[in-house]
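Please read them alongside the sequence and coordinates.

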Amino acid sequence: MSVRDAISLAIIIFGGTGGELAVTRAMKHIGEVHRFHPRHLLRTIVSAFRVGWMWFGISLMTLSFFALLALLSWENVSFVVPVTALSYVVGALGGKFLLGEQVETRRWVGVLLVCLGVVLVCVA
Amino acid sequence: MSFSHRLHGKTIFLIGLMAFFGPLGDVLLRKGMKQIGAVSNWRPDALFATFDRTFHTGAIWLGISSLLLFFIAYLLVLSWADYSYVQPASATGYLVVAVLGYLILGEVIPWMRWIGVLVIFIGVVLVGGTPPRTTEEG
């Protein structure tokens, strides 16, 4: 993996995960969606975009998206997308320490298996 | 239907939508970027020209549309479920992206990568067995 690829991956993983954590915080602020009629869904989405965390999250995710586009122009999608799964560890840690989620042993084992799978994909 | 089953049911349905539209969007973006060619010139005018070509490529727009549907499903599920649940559970998309990469783009996928995808899937099943929500609502 080249330095160029590594930098892009770092932006994809940390920018993407940080953005998703911020978006999660915004959606938790909105509260659970119970009704799935298009009108209610639209109202929920509009409400979500009035929360500052949503815009912060989307900004980070946009940065991550363009890094993904650049990386996809250099490497195969079946390599790029699985490698970005390293963000699962960052995501589980963020969920636990930033959002106060209870990450039980079984969930951690699942996350680690996902990472093991990523290593196998990289070796391949 | 119990509250727990209902919560699991709607969570799994939306994660299923994410697992389909996310990988489809990635594959379409890759298809579009292959049409444009590798980004090799980093001068601002060249980057702008690439950026312009990107948004005049049909596959890129289809990819963005697919990712938009993914994002809506993602926002909805995050309104009640844990991020540390949704994020790994949506990794079922890796199986989908490997299959789509093989079928649509004709990418050669080594058997070791298929094993990796299978291990990721087992991890997802384990995560899927935990409660989708561990925090208080609101």
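1. Once its neighbours within four places in sequence are left aside, Ile120(B) is in contact with Ala85(A), Val114(A), Gly117(A) and Val118(A), and also with Ala91(B) and Tyr94(B). Please bear in mind throughout that this is a predicted model, and that the contacts of Ile120(B) are therefore computed from predicted coordinates, with two residues counted as in contact if their C-beta atoms, placed from the backbone, lie within 7 Å.

2. Ile120(B) also belongs to the largest nonpolar core, which has 67 residues, and there Ile120(B), Val114(A), Val77(B) and Leu78(B) touch the most other members. The largest share of this core comes from helix H1 (residues 3-36) of chain B, which supplies 10 residues.

3. Turning to the interface, 47 residues of chain A are in contact with 46 residues of chain B. On the side of chain A that touches chain B, the elements giving two or more residues are helix H1 (3-30), helix H2 (38-48), helix H3 (52-74), helix H4 (77-83), helix H5 (87-97) and helix H6 (105-123) of chain A. H6(A) gives the most, with 13 residues, and the residues on this side of chain A divide into 29 nonpolar, 11 polar and 7 charged.

4. What is the overall make-up of chain A, in helices and strands? Chain A has 6 helices and 0 strands, and its elements run α-α-α-α-α-α from the N terminus on. Its C-alpha atoms fill a box of roughly 45 × 35 × 25 Å, taken along the principal axes, while buried residues make up 46% of the 124 residues in the chain. Among the contacts in chain A with a separation of 6 or more, 79% are accounted for by residues 24 or more positions apart.

5. Is Leu68(A) buried or exposed? Leu68(A), which is found in helix H3 of chain A, counts as buried because it has 24 C-beta neighbours inside 10 Å, where the cut-off for burial is 20 or more. The C-alpha atoms of Leu68(A) and Thr84(A), which are 16 residues apart along the chain, are separated by 9.3 Å.

Technical notes: Residues numbered from 1 in each chain as written. Chains lettered and ligands numbered in written order. Predicted model: local features only at pLDDT ≥ 70, side-chain atom pairs only at ≥ 80, totals over all residues. Helix = DSSP H or I, 4+ residues; strand = E, 2+ residues; numbered from the N terminus. Nonpolar A, V, L, I, M, F, W, Y, C, P; charged D, E, K, R; others polar. Buried ≥ 20, exposed ≤ 12 C-beta atoms within 10 Å, placed from the backbone. Core = buried A, V, L, I, M, F, W, Y, C linked by C-beta atoms within 7 Å.
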